[in-house]
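Thanks for asking me to look this one over with you. Here are my notes, point by point, to read beside the model.

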Amino acid sequence: MKRILTISLLAVTLLASCKSEKKINSYSDIYSERPAIIYIAPINDKAERKVEKYPTDIAYNNEINTAKAYLFQTAITPLLNLGYNVIGPAASQQIAEATNMTPKQLRNSDLSTFNKDYGVDAVLIITLHKWKDENGKKTAYLEYQLRSTKTNIDLAHTWVMAVKQVSTNLKGDPITLSNDTKFAKRFDFDNGTAQRCYLVEKVNDYVLRDLPMSKLVRQFEKDKYRSANPNYVKYVWIDGGADVEPCSAEEYETNAFL
């Protein structure tokens with residue numbers, strides 16, 4: 001009985017420590033290298049497009065093309081809010097053309113040229129692996145990799161299974177909710193595009209806002225001992241808020257790559 005109790009207490013302790021992983025541990029290399037300037041690489045969009053035989057195919061492709069562009073645009077603000085200097089879109093495009101590196105090279109090869117030629121401390125590579133539409137849900141499988149241009153190590157790496165729960169009526173048609181309506185009107189999006197763009201903006205904010213503050217702000221060490229987000233996450237947005245919980249690497253990879 002004593003042995004069983006000891007094992008149970010150990011399991012609880014391990015579970016608690018897993019849930020309360022501190023930023024100083026999760027982002028130890030960021031605190032060590034203290035990056036200040038970040039370049040966001042072009043989105044590595046691996047989502048499958050449809051062969052455009054019908055108007056619905058064209059509409060679907062337009063939706064995910066717009067979501068790709070919006071994914072890049074909305075990655076900038078959370079980083080700026082943390083005090084980082086972020087290379088702007090026009091300059092980023094010029095850097096992408098000049099370096100001419102493939103997504104695979106950005107993820108695995110030497111990035112020192114970004115530091116020597118452009119003064120960049122870290123490169124953010126966002127990969128959109130897949131869109132899945134099923135049972136009134138739009139699901140995006142996203143990967144965020146922040147790599148150092150000085151040591152080529154991963155400063156941060158997060159995988160997110162992001163779900164936008166879309167309400168439907170008795171016929172199965174989507175019901176446009178108030179937040180979605182406001183968002184769609186703001187950017188003149190159709191409903192499907194608004195659903196996807198709203199989701200990727202929320203996920204960008206969730207993932208990137210968790211990074212340590214830049215060394216350029218006084219609060220750089222302020223949140224060292226706050227809890228960090230897990231590396232693998234299931235993020236479900238339902239009108240009014242998000243339900244976030246850890247997921248396993250196996251669960252993510254099984255759904256993202258099959």
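**Notes on the predicted model**

1. Let me start with Arg34, which counts as partly exposed because its relative accessibility is 33%. Please keep in mind throughout that this is a predicted model. Arg34 sits in the loop between helix H3 (28–33) and strand S1 (37–40). Its backbone deserves a glance: phi of Arg34 is near 55 degrees, a positive value in a residue other than glycine.

2. Most residues other than glycine have a negative phi. You will find Asn100 in the loop that joins helix H6 (89–99) to helix H7 (103–108). With a relative accessible area of 62%, over the 50% cut-off, Asn100 is exposed.

3. Next, have a look at the pair of helices H9 (residues 178–187) and H10 (residues 191–208). Their axes come within 9 Å and cross at roughly 95 degrees. H9 and H10 are therefore roughly perpendicular to each other, since that label covers angles from 65 to 115 degrees. On the H9 side the contact is made by Asn179, Asp180, Phe183 and Ala184, and on the H10 side by Ala194, Gln195, Cys197, Tyr198 and Glu201. Sorted by class, this contact has 5 nonpolar, 2 polar and 2 charged residues.

4. Not counting residues up to four places away in sequence, Asp180 touches Lys164, Ala194 and Gln195. Here Ala194 and Gln195 belong to the H10 side of the helix contact. For a sense of distance, Asp180 and Glu134 are 46 residues apart in sequence and 19 Å apart in space, C-alpha to C-alpha.

5. Moving along H10, we come to Asn204. Asn204 is buried, with a relative accessible area of 0%. Leaving aside neighbours within four places in sequence, Asn204 is in contact with Leu71, Thr74, Ala75, Pro78, Ile126, Tyr144 and Arg209. Keep Tyr144 in mind, as it comes back in the cavity lining below.

6. Tyr206 is also in helix H10. At 12% relative accessibility, Tyr206 counts as buried. Its contacts, leaving aside neighbours within four places in sequence, are Asn229, Pro230, Val233, Tyr235 and Val244.

7. Rolling a probe the size of a water molecule over the atoms shows where empty space is left. The count comes to 1 cavity of 30 Å³ or more, and the largest cavity holds about 60 Å³ of space. Its lining consists of Leu124, Tyr144, Gln145, Leu146, Ala156, His157, Thr158, Val207, Leu208 and Leu211. The elements giving two or more residues to this lining are strand S5 (137–148), strand S6 (154–165) and H10. By class, the lining has 7 nonpolar, 3 polar and no charged residues.

8. Which residues lie nearest the centre of the largest pocket? They are Ser26, Ala228, Asn229, Pro230 and Asn231, out of 21 lining residues. About 350 Å³ of space lies in this pocket. Helix H1 (2–19), H3, S6 and strand S8 (241–246) each give two or more residues to the lining, and S6 gives the most, with 5 residues. By class there are 9 nonpolar, 7 polar and 5 charged residues. Asn229 and Pro230 are also among the contacts of Tyr206.

9. Last, a word on Asp154, which is in strand S6. Asp154 is partly exposed, with a relative accessible area of 32%. Leaving aside neighbours within four places in sequence, Asp154 is in contact with Asp29, Gln145, Leu146 and Arg147. Of these, Gln145 and Leu146 also line the largest cavity. So does Leu124, whose C-alpha atom is separated from that of Asp154 by 9.9 Å, at 30 residues apart along the chain.

Terms used:
Residues numbered from 1 in each chain as written. Predicted model: local features only at pLDDT ≥ 70, side-chain atom pairs only at ≥ 80, totals over all residues. Heavy atoms only, no water. Axes fitted to C-alpha atoms, helices over the stretch in contact; angles between N-to-C directions. Helix = DSSP H or I, 4+ residues; strand = E, 2+ residues; numbered from the N terminus. Parallel < 35°, antiparallel > 145°, perpendicular 65-115°, else oblique. Contact = heavy atoms within 4.5 Å. Nonpolar A, V, L, I, M, F, W, Y, C, P; charged D, E, K, R; others polar. 1 Å grid on protein atoms, 1.4 Å probe; cavity = no way out; pocket = protein on both sides within 12 Å on 5 of 7 lines; lining within 4 Å. Points joined across faces, edges and corners; volume = space filled by probe spheres on them. Buried < 20%, exposed > 50% of the residue type's maximum accessible area, 1.4 Å probe, protein only.
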